[in-house]
Amino acid sequence: MNLILSATDDWGIGFQNRLLFRVPEDMKRFKALTVGKVVVMGRNTFLSLPNQKPLADRVNIVLSRDPDFAPESVTVVRSTDELLCALESFGTNDVFVIGGAAVYRELLPFCDTAYVTRFHAKKEADSFFPCLDGDDSWRLVERSEVRGHEGLQFTFDKYERATAAR
């Protein structure tokens, strides 16, 4: 499985169930990497999507323990075990975990690649991703040139698991 996220220098990923930055180039990269793939998200991430509708041209799977949560056009799973069973028919390169923080933490041990848009800034956040730079089991394998948008600098980083997770 893969992870895809945007994070600040201190690994902040969101505030009040919203992304910290909306940068067209980041959104374009997200779409390019995930279209035609499976996206896995938590209930709050799903509810933060425009019009609370599934992402187009992707298989949308929502991990939610709420027994009453059953939106149309998505697959809802109630546990990590149920999710892993649902993913058996898909290749691991075709699955992207897209948030939120609790889902990232829960599924991080099952992932081998992380695509991180790294915003070289700090901004108030109430949700964070684990620092991969301080984790010996992950290594930075690619970093784009520094890009900019309205004074904000960012890079596209790719991390790979350096040691067996399981």
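**Burial, bridges and ring pairs in a predicted model**

Me: Phe 96, buried or exposed?

Reply: Phe 96 counts as buried, with a relative accessibility of 3%, where buried stands for a relative accessible area under 20%, exposed for over 50% and partly exposed for what lies in between, using a 1.4 Å probe and protein chains only.

Me: And what should I keep in mind about the model?

Reply: This is a predicted model, in which local features need pLDDT of at least 70 and side-chain atom pairs count only at pLDDT 80 or more, while totals for chains, interfaces and linings use all residues. Residues are numbered from 1 along each chain as its sequence is written, and side-chain values use heavy atoms, with hydrogens and water left out.

Me: OK, aromatics then. How many aromatic pairs are there in the whole structure?

Reply: The search finds eight aromatic pairs, a pair being rings of Phe, Tyr or Trp (its six-membered ring) whose centres lie within 6.5 Å, called stacked if the planes are under 30 degrees apart, edge-to-face if over 60 and tilted for the rest. One of them is the tilted pair of Phe 96 and Tyr 115, with 5.8 Å from centre to centre and 40 degrees between the planes. This pair links distant parts of the chain, since Phe 96 sits in strand 7 and Tyr 115 in strand 8 (residues 113-119), 19 residues apart. Strands here are DSSP runs of E with at least two residues, helices are runs of H or I with at least four, and both are numbered from the N terminus.

Me: Tyr 115, buried or exposed?

Reply: Tyr 115 is buried, its relative accessible area being 15%.

Me: Which rings form a cluster?

Reply: Trp 11, Tyr 104, Phe 129 and Tyr 159 are linked into a cluster by ring pairs.

Me: What lies over the face of Phe 21?

Reply: That is Lys 123, at 4.8 Å from the ring centre; a charge sits over a ring if NZ of Lys or CZ of Arg is within 6 Å of the ring centre and within 35 degrees of the ring normal.

Me: Switching to salt bridges: how many does the structure hold?

Reply: It holds nine salt bridges, each being a side-chain nitrogen of Lys or Arg within 4 Å of a carboxyl oxygen of Asp or Glu. Among them is the one between Asp 94 and Lys 37, whose closest N and O atoms are 3.3 Å apart. Asp 94 lies in the loop between helix 3 (80-86) and strand 7 (95-99), and Lys 37 in the loop between helix 1 (24-34) and strand 4 (38-42), so this pair ties together parts that are 57 residues apart in sequence.

Me: How accessible are Asp 94 and Lys 37?

Reply: Asp 94 is partly exposed, at a relative accessible area of 30%, and Lys 37 is partly exposed as well, at 25%.

Me: What does Glu 160 form a salt bridge with?

Reply: The partner of Glu 160 is Arg 139, with the closest N and O atoms 3.8 Å apart. Here too the pair links distant parts of the chain, as Glu 160 belongs to strand 12 (residues 152-161) and Arg 139 to strand 10 (residues 138-143), 21 residues apart. Both are partly exposed, Glu 160 at 24% relative accessibility and Arg 139 at 44%.

Me: Which residues are linked in a network?

Reply: Salt bridges link Glu 25, Glu 145 and Arg 147 in a network. The side chains of Arg 147 and Glu 145 meet at 2.4 Å, N to O, and Arg 147 is partly exposed, with 21% relative accessibility.

Me: How many disulfides?

Reply: Zero disulfides are found in the whole structure, with a disulfide taken as a pair of cysteine sulfur atoms within 2.5 Å. Cys 111 is in no disulfide, and the nearest cysteine sulfur, that of Cys 85, is 17 Å away. Cys 111 is buried, at 0% relative accessibility.

Me: Last one, where is Gly 12 found?

Reply: Gly 12 is in strand 2 (residues 12-15) and is buried, with a relative accessible area of 0%. An open sheet of three strands runs in the order 3-2-9 with antiparallel pairing, and its edge strands, strand 3 (18-19) and strand 9 (127-128), each pair on one side only. Two strands pair if DSSP finds at least two bridges between them. Within strand 9, Gly 12 has Phe 128 as its bridge partner.

Me: Which residues is Gly 12 in contact with?

Reply: Leaving aside neighbours within four places in sequence, the contacts of Gly 12 include Leu 20, Ala 125 and Phe 128, contact meaning heavy atoms within 4.5 Å.
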